[in-house]
Structure formats: structure tokens, C-alpha cells
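This briefing walks through a single protein chain, from its overall build to individual residues. Please keep the sequence and the model at hand while reading.

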Amino acid sequence: MRKSLSLMASAAYVSMSVFAYAQSHQPWLDKSKTPDERAKLVIAAMTLDEKIILLHGIMPLALLSDSEITFPEDSIPGAGYIAGIPRLGIPALKETDASLGVTNPLGSRPGDVATALPASLALGASFNPALAYEAGAVVASEARKKGFNVLLGGGINLTRDPRNGRNFEYIGEDPLLSGIMGGEAVRGTQDQNVISTVKHYVLNAHETNRHTLDALIDRAALRESDLLAFQIAIERGQPGAIMCAYNKVNGAYGCGDDWSLNEVLKKDWGYKGWVLSDWGAVHSVDYAVAGLDQQSGAQLDKEIWFDKPLKAAVQDGRIPESRVTDMAYRIVHAMFAVGVVDNPPVPADIDYKKNAETALKIAQQGIVLLKNENDLLPLVQSAKRIAVIGGQAHMGVLSGSGSAQGTPSNGPTKVIPIGGHGDFSVFRNAIYYPSAPVAEIQKLVPDTKVLYDAGLHPLDAADLAKKSDVAIVFVTRHELEGYDVPDMNLPHGQNELIAAVAAANPRTIVVLETGNPVTMPWLDSVGAVIAAWYPGQEGGQAIAEILLGKINPSGRLPITFPVNDAATVRPELPNRGAEADAQVSISYVEGADVGYRWHAKSGVKPLFSFGYGLTYTSFEYSNLKVRGGDTVTVEFDVKNTGKTAGADVPQLYLRTTPQEPSVRLLGFERVELAPGQRKRISFKADPRILAKFDESARQWSVAGGDYKVSIGKSASDFVLDGTARIKDYTIKP
Ligand code: BGC
């Protein structure tokens, strides 16, 4: 005993002295120093070659290996790997896609699963920043236990077009909502000592020809929209990394754009982290000068620019070494700041049951009740026969595909290969997660006959609907990265199916599992509609709970539902059918008037507005007090006036500035209230949302005068109005 104690004591002594030695010889490992001091010290100890090691990485996927690329032993099959510098105690960066959970691209880690969260649109629909934090933390905690220290998510591009194939990966159309939710997800992630990335900087609103697309937009408008979303997320979350996008903006490729990277991100905002490229988005070594700090998945580019070509450019004086030093500094600074050096990932078991609760919560709070005529929902438990029709509701719930595709932890998926061509055709598989709505509904009403019809033949479905108390039609649309949908319609004759079922039984409920708004030509003939997005691995349960009233719906639309394609900024999907390598462009003529702002300005009525969503109770707003000065501050009461507990999301909107009508979200809060309960809410507007950006003066300019504001239930349903007198002033960018 004595011997083993003394052995332990001497082992502890040895490790302490190794530690002390390391600290004196490697002072950047001293945790009491600031990340800036530590980064400067370690950079000073690096050779040029070592700095360059940090500036490029590979995509360690077997299908992308060739004779020139060998994968290091410590790499994990997944999205990215950047070698470390063991001599200096700098670990490798191990990156995983993670917008909706840790991914396992094309099953490259056989059998490895992860909690598969609902679409980011569902998270956006919760209007719940605390839930965004929780989502970020859950994904990061799983990533750590799998050995990753960088998350390549999430996406916060504004959803400018209801046909963009990646909208399911984004939070919504409003910069305040996306910025706050995105920033909270970053905080949740980085509090787990995992670096977070926000993407795709900065205007990546369509997938069609994303490698050649030139997104044209007025710079001031960009500052007031997508850039503002990134700015708010960065201020709130301080993400270690930003991923630049594939496409061009105003002629310059996103990862080689001096204006958005150097001028805006690094100079105006003082961003301290590093810019990493999207995979296959680097076209020249000069991108280093334009502000790109790291080339990701470099074997996908024509050359590994940020390796030998960068060294050569430094040696022959084309690129100053100080730039390379800055690139490496930014990376190690983030590594120290977030804690990936001090607290590296440790492989461990994951409590998937517990994490599944987060996936369930996001679905419960993010599903939006769009229509509920004559209180058809919640379904009465006494229904004798419920018809469930279509949408593979007997198998599971649909998910979105591409690099964000998950591999759920609660059982095997069902895969329907779709096929097709294009860069991302390997991802053209409709993947259903295990939580099957038919079984989940049956669980909640064990004495009811729940009968399923596949919905292949409208006549069969209508026959079943006629014989049932109620018919629930599940409709789906598979959407994925790399492709936009050509129009807003549901595919596979699902509109005809709904029309036939509704004609047979007016007590028809439609459940949408889509990554975007869709047209609803049958809306008047059905009793209820629910937008479930892609509801994640626990989605079937959440849908059943909402249908049967176990959960009171509280989701609010983070994206406008236009009536149809003709009632959008671009009546036709731009560049539809273009050859894959054709140079294309889109003029984002709506500028900063994205989504509800465009509808307000143009007078085109949406089908359902941004911010809209029904519940099984009712809420009342009163006692509004508005104050002005530097910005708008409001206080008001919200009261649950119904019979059930529920959550409301009161919203503060700007209505007019001294110059013009302008509808903009200024504040929101999700409040849970018992029947009869009242709560006083206050909002203080971010003055940049009252302002216009003046690009020539490079500042926000707030016009002095009266600003009309409203508390509303959506961007077109205003309940209380007030006016604030604001002073004339400017704000630095
Ligand atoms: C996507 C990124 C993703 C990367 C790595 C790209 O195709 O655009 O969002 O992080 O692949 O998988």
C-alpha cells in the first residue's frame, strides 16, 4: 500500500514537473495568459512551414482519396481534417458537419449514429433562443465524444426564395431572428469547448449552379439583411470560424471577396476568428490576400493553393509573410479562446436517450399550426376511426439531404433511392427517420382504429376517409443541398390526393413535411393544416402529440408562405435548367426587403405571414408603453385568455420610419403561460434595425423623428400601436 502510494506520488511529481517544464518552454500552454498572448507566443515559435500546415486541410473520406492524398492516422472519416503541430502542442482540427446533428457522410463511419435534430426552420419557428443554445450544446457534446473539435454549422443565410433546396438548413428570412438564434447555437457549442462555424458567408440563397452563380445585390441592402444576420450572430456567439460560400457576390467569389471578408468582416466588425472555405470553393492562391484564412477539403480544389503555392508566393514576395502569420494567428487564437487546446475531445459514451429529448423539444416547439377551422384540432380522443394517408407515415418522417443529412440514434432509417444527376446525386435519397406517425398516433389513442392508406390512389384514400371520423393526410417533398426545387408545388400528385380526401371527408387534416413553404390549392377544403418541416428523429411523436392535444402548438413561421410562385419576388426559379457549368447570375432586386418586408412593400398578400402560428388557447396584449431616445423601448402585458396552458410569441414590429413605411421585426419573446396568467414583457430594439446603412459614409444612419411600432401576432397582424420619437444619429458599422 505504502509502496503504491509513494509510486503514485512520484508519478504525480513527474507529471507536474513535465507540466511545469512544458509551461516554461511552451509558455502558450499557460492557461492564465489571454488567448491573444498565447496565440502570439505560439506563432512566434512557428516556422513558415508550420504556419502553412494550419492553413489547409483535406476531406478524409475514402471515396475522395487517391495516390496523392493519404489520410493521417488520427483523422476521423468526415468533413475535414487539418494537421496539428505536435512539437508545439497544437492539436489537429477535426471537423464535422453539424447543422442538424453530427453527420456521418455516406456512412463513412459504419454504424455511427447521432441525434438527428429537426430542420433549422423548425428551430427558427420555436423563436426560442434558449433552445438554440441547447441544440448547439447537444450537437457539440456528441461531437466531442466522437473526437471532433470543430462544428461546420449552422447555416444562417436568409431564406430569400421558397425554392432554395437548402432552406431547411437555415433559420429563416429575418436577420434579427437568424442572428439571435444562430448566435445562441454558437454559444451553446463553444461552451462545450468545440469551435463553431457560421455559414455560408454571405449571400448563398440558391443552390442552382452554386459554383458559378453571381449574386448581385446593392451593398447597403446586403448590410441590412444577410450581413446583419451574420453580424448579430458573431457579436452574440463569437464563433471561432466563418465559412465563406461557393458563389460570387457582385462579381467576386465568396472566398476571394476582399470587400466582404477584409473590409466588412475583419475591419468593420473586428472579427477575430478565421475564415475557412467551403469545400471546393477556392480558385486561386490570391484568396489569401482577399481575406480567406484556410482552404478546406483542399483535394476538391484544382490545387492545394494554401500549401506549396502559398509558400512560393511568400518566398517570391507576392504575398507578405505577415499575412500568413495573421492567418495562422487567427486559427490558434480561436483554438485557445474556445478551449480546444486546454480541453481536447475525449471519446466517451453518449446518452442518446437524453439528447433525443432536445430533438423532441425542437419539434414540439417548432411545428406550426397554420389552420384549424372549427377547432378540428386537437382531435377528440373518442374518435373511433382515424385514417392516416400518405407520406410514408407508416415508416417514419422525412429528412432533408446533403452534407447536413443525419443518421438518427433511435433506429435504422428507411431509404428510398431517388436517383438523378448532378454534383450531389449521391445524396439523392429520401431518408425517413424512425419515428413513424401511424404508430405514434396509435400509442396516444390505443382504443381507436388507426388505419393507414399509402395515398397512391386518391380513390382508395377517399374511400377510407369517408368511412373514418377524421382523415390525416401526410404530404412530403424531399429537398436537398445542390438542387433547388423548380416550383413551390407538392410533387407526386399529392395536391390531387388531398383534394380527393377532403371531398370525401371535410374533417381532413394536412401535415406538411417539407423543407420550404408549398402551395396549397386545397386550403379552403381542408379543416386543419400543420407545417412540420423535417421534424427530426422524434418528429412522429411530436406530430402525434400536437394532433391529439398533448402538446399545445406554439411554433411561428420563420419564413413567409407565399400563395404561389407568381406571388414571390421571382415568379420563376432563376436559371432553372441551366447547364451545370454555365455562368449564371441572379439580381436580388428585393435587396434588404426579404420575405415579409417584400410582401409589405409590394402589397402582395402572403398565404401565411412570417411570425404567424395558431395555438389551442388565446392570448391578449394590453397596456403598451413606448419610449424613444436612442432606440425604441416598449413594455406591454400578454395574458393567456384561454383554457389551456400554452406558449405565445409576441412580436414587436417597426411599421414606419420618419421617411417611409417599413415593416421590420424589432423584438420577440416566447412566453409560456398558464390559463389566466399574465406577464409584462419588454423589448429594446437594436437601433441598426431602425437605421439605413450608408455605404459611402460606411455607417448606420438613424433618421431623427417619429417611428411607428406595433405589437403583433405576425408581420401582418398588429394588435397594439405606438410611436417613439428617436434622435438623429449614426452608428459605426
Ligand atoms: C457544404 C458545406 C459543408 C461542406 C463540408 C459543402 O458542400 O456547402 O455546408 O460544410 O460541404 O461537408
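What percentage of the 733 residues in the chain do buried residues make up? Buried residues account for 62% of them, where buried means under 20% relative accessible area, exposed means over 50%, and partly exposed lies in between (1.4 Å probe, protein chains only). The model is predicted, so local features need pLDDT of at least 70 and side-chain atom pairs count only at pLDDT 80 or more, while totals for chains, interfaces and linings use all residues. Residues are numbered from 1 along each chain as its sequence is written, and side-chain values use heavy atoms, with hydrogens and water left out.

**The chain as a whole**

- The chain holds 18 helices and 31 strands, which are DSSP runs numbered from the N terminus (helices are H or I with at least four residues, strands are E with at least two).
- A compact globule of 733 residues would have a radius of gyration near 27 Å, and the 26 Å of the chain agrees with that; the radius is taken over C-alpha atoms, and the globule rule is 2.2 Å times the number of residues to the power 0.38.
- Along its principal axes, the C-alpha trace of the chain spans about 80 × 65 × 65 Å.
- Of the contacts in the chain with a separation of 6 or more, 76% are between residues 24 or more positions apart, where contact means heavy atoms within 4.5 Å.
- The chain exposes about 27100 Å², of which carbon and sulfur atoms supply 53%; accessible areas come from the Shrake-Rupley method with a 1.4 Å probe, and for residues only the protein chains shown count as cover.
- The mean positions of the 72 positive and 82 negative charges are 6 Å apart; Lys and Arg count as positive and Asp and Glu as negative, with His and the chain ends not counted, and each charge is placed at NZ of Lys, CZ of Arg, CG of Asp or CD of Glu.

- Helix α12 (residues 321-338) has 18 residues and reaches 26 Å from its first C-alpha to its last, close to the 26 Å expected at 1.5 Å a residue; the expected span is 1.5 Å times one less than the number of residues.
- Because 13 of the 18 residues of α12 are buried, this helix is largely enclosed by the rest of the structure, and just after α12 Gly-339 takes a positive phi of about 100°.
- Helix α13 (residues 352-366) has 15 residues that should span 21 Å at 1.5 Å a residue, and its end C-alpha atoms are 21 Å apart, which agrees.
- The buried residues of α13, among them Asn-355, Leu-360, Ile-362 and Gly-366, pack against α4, α5, β10, β18 (528-531), α17 and β25 (671-673).

- A cis peptide bond with omega of about -5° joins Lys-199 and His-200, and His-200 lies in strand β4 (residues 195-201).
- The peptide bond from Tyr-201 to Val-202 is also cis, with omega near 10°, and Val-202 is found in the loop between β4 and β5 (214-216).
- Phe-127, in the loop between α4 and α5 (129-145), has a positive phi near 45° although this residue is not a glycine, and at 0% relative accessibility Phe-127 counts as buried.
- Asn-374, in the loop between β10 (368-372) and β11 (385-389), likewise has a positive phi, of about 50°, without being a glycine, but Asn-374 is exposed, with a relative accessible area of 74%.

**Loop residues and their surroundings**

- Ser-554 is placed in the loop between α17 (539-547) and β19 (585-587) and counts as buried at 2% relative accessibility.
- Although Ser-554 and Gly-366 are 188 residues apart in sequence, their C-alpha atoms are 7.1 Å apart in space.
- Not counting residues up to four places away in sequence, Ser-554 touches several residues, including Ala-125, Gln-364, Ile-367, Val-649 and Arg-670.
- Gly-101, in the loop between β2 (93-96) and α4 (120-126), counts as buried at 3% relative accessibility and, leaving aside its neighbours within four places in sequence, is in contact with Thr-115 and Val-139.
- Glu-660, in the loop between β23 (651-656) and β24 (661-668), is partly exposed, with a relative accessible area of 25%.
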